[in-house]
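Morning, everyone. Please look at the model on the screen. I'll talk about aromatic rings and a few helices.

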Amino acid sequence: MTLFFNILFAWIALISGILLSIIWLLRIVQKKIQKDRNNELLIKIDKFLRTINKFLRKNHINLGYLFLLSSFIHGMLSSYSIISFNYGTIALIIGLLLWHTFVDKKNMGKVWIQRHRELTALLIIITVLHIFEVGGFVGFDRVINSIKSDFSPNISTNEGSSNSDYKDGVYEGTGYGYGPDLKVLVTIKDGIIDEISIVSHNEVGERFYEPAFDSIPEKIIENQTYDVDAVSGSTYSSKGVIDAVKDALLKAKK
């Protein structure tokens with residue numbers, strides 16, 4: 001369920017960020033529309049945009065707090081670490097600076113609106129970079145598949161943690177990490193887990209999945225159980241490897 005809330009708060013942060021940013025764009029569009037007062041359609045559009053703009057301006061502070069809170073929760077759920085520096089962290093810092101310029105606008109004088117707009121433009125750029133950084137938009141189809149893997153009857157957390165009943169051989173297992181179809185080969189020798197290799201995957205961002213790929217197989221072999229802790233900052237890839245190993249060990253049971 002962690003993945004569900006992670007993606008949920010990511011979308012809340014994105015949508016609230018868009019709503020915060022379009023106020024400026026709406027005003028630009030309105031100014032162009034207002035130049036033609038004789039067009040009835042444009043007058044209706046202008047009236048509609050005024051209504052939206054009024055609502056957004058009225059709730060600007062609340063949307064700002066929603067953006068900051070959802071961004072922070074998303075970051076914590078993504079990394080399980082207070083210090084995790086990436087474009088998402090930069091976006092959160094820019095959000096804090098935007099909040100500062102807004103609440104301190106009286107002391108800043110007329111320059112505050114210019115700084116506010118510059119930071120807004122920068123936030124849009126950094127957000128786009130962050131989306132590319134994590135491999136694009138994440139839909140709730142990944143959430144559903146991840147939840148299915150948690151409750152799948154083929155992968156039980158009570159099975160596969162003991163090595164006494166394993167048959168020697170090489171077994172393939174499949175898990176769901178940040179992306180689907182993470183496949184591993186688990187080698188059983190003399191009844192114990194001897195080797196784990198990752199043969200294919202659909203994870204994105206080497207900086208996110210490599211720590212899990214390097215660490216989780218070693219931990220499982222060392223402890224002879226898949227019941228190991230995820231790697232901070234690589235939580236979903238860790239989960240994918242663990243689930244794939246569980247799947248393989250289930251096939252290795254005598």
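A residue counts as buried when its relative accessible area is under 20%. Keep that cut-off in mind. Also remember that this model is predicted.

Start with Phe-102. Its relative accessibility is 19%, so Phe-102 counts as buried. Trp-112 is buried too, at 17%.

Now the rings. How many aromatic pairs does a search of the whole structure find? Two. A pair is described by the distance of the centres and the angle of the planes.

Phe-102 and Trp-112 form one of them. Their ring centres are 5.9 Å apart, and their planes meet at 80 degrees. Planes over 60 degrees apart count as edge-to-face, so this pair is edge-to-face. Where do the partners sit? Phe-102 is in helix α4, residues 87-103. Trp-112 is in helix α6, residues 111-133. So the pair ties together parts that lie ten residues apart in sequence.

Phe-102 has another neighbour. The charged end of Lys-105 sits over the Phe-102 ring, 4.5 Å from the ring centre.

Next, Tyr-209 and Phe-213. This aromatic pair is tilted, with 5.0 Å between centres and 40 degrees between planes. Both residues are in helix α8, residues 206-223. They are four residues apart, so about one helical turn separates them. Tyr-209 and Phe-213 are both buried.

Last, the annotation. An unreviewed UniProt entry places "transmembrane region" at residues 6-26, 60-77, 83-99 and 119-140. In the model, residues 6-26 are 100% helix, with end C-alpha atoms 30 Å apart. Residues 60-77 are also 100% helix, and their end C-alpha atoms lie 26 Å apart.

Methods. Residues numbered from 1 in each chain as written. Predicted model: local features only at pLDDT ≥ 70, side-chain atom pairs only at ≥ 80, totals over all residues. Heavy atoms only, no water. UniProt positions renumbered as here; feature names shortened; annotations may be inferred. Helix = DSSP H or I, 4+ residues; strand = E, 2+ residues; numbered from the N terminus. Phe/Tyr/Trp six-rings, centres within 6.5 Å; stacked < 30°, edge-to-face > 60°. Buried < 20%, exposed > 50% of the residue type's maximum accessible area, 1.4 Å probe, protein only. Lys NZ or Arg CZ within 6 Å of the ring centre and 35° of its normal.
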